[in-house]
Amino acid sequence: MHSRRSKRQQLIIRTVVSTVMTTAVVGLSIILLFLMLGYRFNKDQGTITQGGLVQFITTPPGARVTVGSAQLANITPSKITLTPGTYGVSMERNGYHTWKKTITIKAGTVTWLNSARLVPTQIKTDGLIDYATVSSAQFSPKARFL
């Protein structure tokens, strides 16, 4: 048969369980905080280092991103955390020229690569109006139009 525990034993069990639960919650909170701040475990060096966030945005969206020699699984717009260092970045999409740049990542910083404008490989232009002769021309006030 099951014997009843004394009040002292129940108090000890409750204290141990609440201590373990509190320690687990505090430990998990600390780990999540470090992950949110960009800290990652560096397998090569066996240390924990803070990385930098890199945001990739292209016009038009949907480009494949390659950082160094690794191609990312997701397409633009996207973001990743990289360890500090210098990387070659390229973004490519079918029907467009490849966009390339070398970036330097610093710990705890955000690098925005949002100026990547992909240029089509074949530019198509619409026909314009042809005039037989032009008798005069005048610029707009801000010289944007002729």
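1. The open sheet. In this predicted model, an open sheet of three strands runs in the order β6-β3-β9 with mixed pairing. Strands here are DSSP runs of E with at least two residues, helices are runs of H or I with at least four residues, and both are numbered from the N terminus. Two strands count as paired if DSSP finds at least two bridges between them. Because β6 and β9 stand at the edges with a single partner strand each, one side of each is left without a neighbour in the sheet. Neighbouring strands of the sheet are turned by 20° against each other on average, direction ignored; the axes are lines fitted to C-alpha atoms, and angles in general run from 0 to 180 degrees between N-to-C directions.

2. Pairing of β3 with β6. These two strands run antiparallel and are joined by five bridges. Gly-52 has Leu-82 of β6 as its bridge partner, and Leu-53 has Thr-81 of β6. The covered face of β6 consists of Ser-78, Ile-80 and Leu-82, whereas Lys-79 and Thr-81 form the uncovered one.

3. The nonpolar core. A nonpolar core is a set of buried Ala, Val, Leu, Ile, Met, Phe, Trp, Tyr and Cys residues joined through side-chain atoms within 4.5 Å. Buried means under 20% relative accessible area, exposed over 50%, and partly exposed in between (1.4 Å probe, protein chains only). The largest such core has 17 residues, of which Val-54, Phe-56, Val-67, Val-89, Met-91 and Leu-113 touch the most other members. At least two residues of this core come from each of β3 (52-59), β4 (64-67), β6 (78-82), β7 (85-92), β8 (99-105) and β9 (110-117).

4. Val-54 and Gln-55. Contact denotes heavy atoms within 4.5 Å. With neighbours within four places in sequence left aside, Val-54 is in contact with Ser-78, Lys-79, Ile-80, Leu-82, Ile-103, Ile-105, Thr-111 and Leu-113. Gln-55 also belongs to strand β3, and its relative accessibility of 16% is why Gln-55 counts as buried. On the same exclusion, the contacts of Gln-55 are Ser-78, Lys-79, Val-110, Thr-111, Trp-112 and Leu-113.

5. Cis peptide bonds. The bond joining Thr-59 and Pro-60 is cis, with omega about 0°; Pro-60 is found in the loop between β3 and β4. The bond from Thr-76 to Pro-77 is likewise cis, with omega near 0°, and Pro-77 lies in the loop between β5 (70-75) and β6.

6. The aromatic pair. Rings of Phe, Tyr and Trp (its six-membered ring) pair if their centres lie within 6.5 Å; planes under 30 degrees apart count as stacked, over 60 as edge-to-face and the rest as tilted. The count by this rule is one aromatic pair. The ring centres of Phe-34 and Tyr-39 are 5.2 Å apart and the planes stand at 85°, so the pair is edge-to-face. Both residues are partly exposed: Phe-34 has 41% relative accessibility, and Tyr-39 has a relative accessible area of 26%.

7. Overall dimensions. The protein has one helix and nine strands. Its radius of gyration is 29 Å, whereas a compact globule of 146 residues would have one near 15 Å (taken over C-alpha atoms; the globule rule is 2.2 Å times the number of residues to the power 0.38). The C-alpha trace spans about 110 × 35 × 35 Å along its principal axes. Buried residues make up 21% of the 146 residues.

8. Basis of the values. Residues are numbered from 1 along each chain as its sequence is written, and side-chain values use heavy atoms, with hydrogens and water left out. As the model is predicted, local features need pLDDT of at least 70 and side-chain atom pairs count only at pLDDT 80 or more, while totals for chains, interfaces and linings use all residues.
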